[in-house]
Amino acid sequence: DAAPETRSFEADVAQLLKLMVHSVYSDKDVFLRELISNAADACEKLRYEGLADPSLLGEDGQPRITVTLDAEARRLTIEDNGIGMSEAEMGEALGTIARSGTKAFIERIAGSKDAEGSQLIGQFGVGFYSSFMVADTVEVVSRRAGADSAAAWSSDGLGTYTIKPVEVADAPARGTRVVLHLKEDAASYTESFTVERTIKAQSAHVPVPIFLKDKPDAEPKQIADGAALWTKPKAEITPEEYTDFYRSVAGQFDAPALTLHYRAEGLHEYSVLAFIPEMPPFDLFDPDRTGRMKLYVRRVFITDEAQLLPRYLRFVRGLVDSNDLPLNVSREMIQESPVLAAIQKGVANRILSELDKLAASDAERYLKIWDAFGAVLKEGLYEDYARRETLLGLARFRTTAGSEWRSLADYVAGLKENQTAIYYATGSDLDRLAASPQLEGFRARGIEVLLLTDQVDSFWAPSGIDHGGKPFKSVTQGLADLSLIPLPEGQAPAAEASGEVTGFIDYVKATLGDAVSDVRPSERLTESAVCLVAPEHGMDRQLEKLLAGAGR
Ligand code: ADP
Ligand code: MG
């Protein structure tokens with residue numbers, strides 16, 4: 001054997017490993033789900049590559065995951081006959097954290113208190129590294145499909161790993177073997193009862209059959225059949241099964257807030273199993289973050305990069321399984337396919353209409369979803385013109401009318417006489433925004449103002465959009481036509497600018513000079529003496545601040 005080479009993990013990984021090992025993370029079982037889902041992914045990748053090159057499958061066309069227990073050696077092994085990894089791929093995949101969002105996650109955790117930190121870990125799919133929660137040493141031996149060499153990776157999870165070539169005789173004939181040398185307090189993972197129950201609870205529906213050997217020389221016993229969950233009739237699937245499946249496809253630890261499972265028939269035939277998570281992932285606003293819906297063609301996994309949904313639905317997880325796409329189409333060609341375009345359209349429409357239904361049938365559950373993902377959905381207001389009305393219908397707002405979420409339908413029902421616009425104010429803090437003097441004139445007249453505090457609001461709201469013929473209009477933008485809307489009985493109408501006021505205005509203009517473009521009396525204030533407004537056709541104040549902050 002060649003001398004193993006010692007390398008350091010990327011800084012991020014070392015930090016994450018330490019966090020996991022030192023956190024009081026209670027649900028250690030998840031390492032099994034993570035390793036089994038990696039093994040299943042590897043089998044699915046091989047199934048796909050085997051379409052173009054059947055020689056990769058060789059004699060062994062049946063994908064399989066085998067879990068072997070060895071109580072004497074306190075060892076648990078998970079082996080798959082999937083795609084495998086070359087030495088270079090191994091260093092790349094297991095020495096770096098590929099999972100996007102990890103960085104954001106670590107940053108958040110670094111700034112959190114201990115108890116909160118371990119709670120955060122519980123929400124995050126930690127992938128391969130979760131094996132160090134139960135193992136002192138993890139060895140990975142792999143042989144890539146079609147390769148005549150094999151390699152081994154090993155680490156104690158404390159900051160470094162080794163990697164070296166090994167004899168093919170010591171590696172699986174194809175695929176990957178992950179050997180966990182279990183910690184003393186994790187010895188129960190060599191009991192077949194515990195392991196079988198855990199796998200059945202977490203991974204029963206991965207699309208690859210799972211076998212268990214309770215001793216190294218035992219006969220393998222099949223414990224999961226590898227039948228894809230989405231092909232089963234809805235009535236036969238329990239909520240728990242959906243949740244388990246969601247967790248294994250999404251790598252998240254929460255439960256779905258909405259599950260959508262249906263079969264489209266007609267011009268195009270496809271099945272959809274989609275989930276809206278309860279909790280936003282850490283990288284939701286990472287500009288590189290794209291959707292993660294998986295595309296299958298007749299049960300064969302093709303890609304998770306087909307952008308099956310518009311960007312503003314990137315928080316939706318799950319899969320689409322098409323019956324009409326050709327199996328041998330390349331990933332690049334798929335993107336151009338009219339079948340895919342039809343699927344994209346159909347699935348996005350369906351998701352939005354389900355949300356709409358939920359808003360009507362269970363407002364509380366809907367508002368939770370809006371609270372978590374509304375800021376992302378609103379990106380659709382300027383990205384997806386065709387669905388703008390639908391999205392406006394789904395939108396909920398904080399407003400001056402109280403502390404409840406309000407829809408535009410609620411807003412329109414409360415329009416005042418002569419009110420010609422939907423008024424909004426943008427800012428970054430809800431309380432400060434609500435206290436803004438800009439709102440006084442509106443409050444005095446009982447006019448509701450939308451309080452917009454998401455960054456995205458500064459993009460769609462001033463984009464010239466309207467709802468039911470009423471344009472959205474910023475309260476900071478020029479004169480707000482308030483004089484047309486009567487003040488309630490008993491409140492004095494704003495006086496014509498008296499000589500005294502005119503004199504004062506002249507004085508202010510002379511003092512401020514070029515710093516302002518105009519100074520004028522206004523209907524918008526009732527208590528405060530002055531406020532700043534943006535010119536009628538200029539940039540909105542919040543957008544101005546945002547762009548200034550971005551250094552533009
Ligand atoms: P993720 O699965 O989200 O990519 P993981 O930490 O679980 O993150 O795995 C990291 C990477 O390691 C995978 O993307 C894959 O490239 C590789 N990998 C892990 N397990 C296997 C396996 N059994 N067979 C082949 N590749 C694997
Ligand atoms: Mg994984």
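**Close-up views of a predicted model**

View 1. Strand E11 (residues 270-277) is mostly covered, with 7 of its 8 residues buried. A residue is called buried if 20 or more other C-beta atoms lie within 10 Å of its own, exposed if 12 or fewer do, and partly exposed in between, with C-beta atoms placed from the backbone. Helices (H or I, at least four residues) and strands (E, at least two) are DSSP runs numbered from the N terminus, and two strands pair if DSSP finds at least two bridges between them. The model is predicted: local features need pLDDT of at least 70 and side-chain atom pairs count only at pLDDT 80 or more, while totals for chains, interfaces and linings use all residues. Residues are numbered from 1 along each chain as its sequence is written, and chains are lettered from A and ligands numbered from 1 in the order in which they are written. Strand E10 (residues 256-264) pairs with E11 in the antiparallel sense over 8 bridges, and Leu260 stands opposite Ala274 in E11. The two strands E10 and E11 form a hairpin with 5 residues between them. In the turn of this hairpin, Gly266 has a positive phi of about 115 degrees. E11 also runs antiparallel to strand E14 (residues 317-322), joined to it by 6 bridges. Tyr270 has Ser322 in E14 as its bridge partner.

**View 2. Two loop residues with positive phi.** Most residues other than glycine have a negative phi, and most peptide bonds are trans. Arg299, not a glycine, has a positive phi of about 75 degrees. Its place is in the loop between strand E12 (294-297) and strand E13 (300-303). Arg299 counts as partly exposed because it has 15 C-beta neighbours inside 10 Å. Gln307 also has a positive phi, near 50 degrees, and lies in the loop between E13 and E14. With 16 other C-beta atoms within 10 Å, Gln307 is partly exposed.

**View 3. The largest nonpolar core, around Val320.** A nonpolar core is a set of buried Ala, Val, Leu, Ile, Met, Phe, Trp, Tyr and Cys residues joined through C-beta atoms within 7 Å. The largest one has 65 residues, of which Val320, Tyr424 and Val449 touch the most other members. Helix H9 (residues 338-361) gives the most to this core, with 7 residues. Two residues are in contact if their C-beta atoms, placed from the backbone, lie within 7 Å. Leaving aside neighbours within four places in sequence, Val320 is in contact with Tyr270, Val272, Met293, Leu295, Tyr296, Leu308, Ile343 and Val347.

View 4. Strand E17 (residues 422-426) pairs with strand E20 (residues 470-474) in the parallel sense over 3 bridges. Tyr424 stands opposite Ser474 in E20.

**View 5. Strand E7 between its partners.** Strand E7 (residues 175-182) has 7 of its 8 residues buried, so it is largely enclosed by the rest of the structure. It pairs in the antiparallel sense with strand E3 (residues 75-80) over 6 bridges. Here the bridge partner of Glu79 is Arg177 in E7. Strand E4 (residues 135-143) also runs antiparallel to E7, and 8 bridges join the two. Thr137 has His181 in E7 as its bridge partner.

**View 6. The shell around ligand 1.** There are 16 residues around ligand 1, and Asn38, Ala42, Ala93, Gly127 and Phe128 come nearest. A residue is near a molecule or strand if its C-beta atom, placed from the backbone, lies within 6 Å of it. Two or more residues of the shell come from each of helix H2 (30-52) and helix H3 (87-95). H2 gives the most, with 4 residues. By class, the shell has 8 nonpolar, 5 polar and 3 charged residues. Here Ala, Val, Leu, Ile, Met, Phe, Trp, Tyr, Cys and Pro count as nonpolar, Asp, Glu, Lys and Arg as charged, and the others, Gly among them, as polar.

**View 7. The whole protein, for reference.** The secondary structure comes to 18 helices and 20 strands. Of the 552 residues, 36% count as buried. Among contacts with a separation of 6 or more, 73% are between residues 24 or more positions apart.
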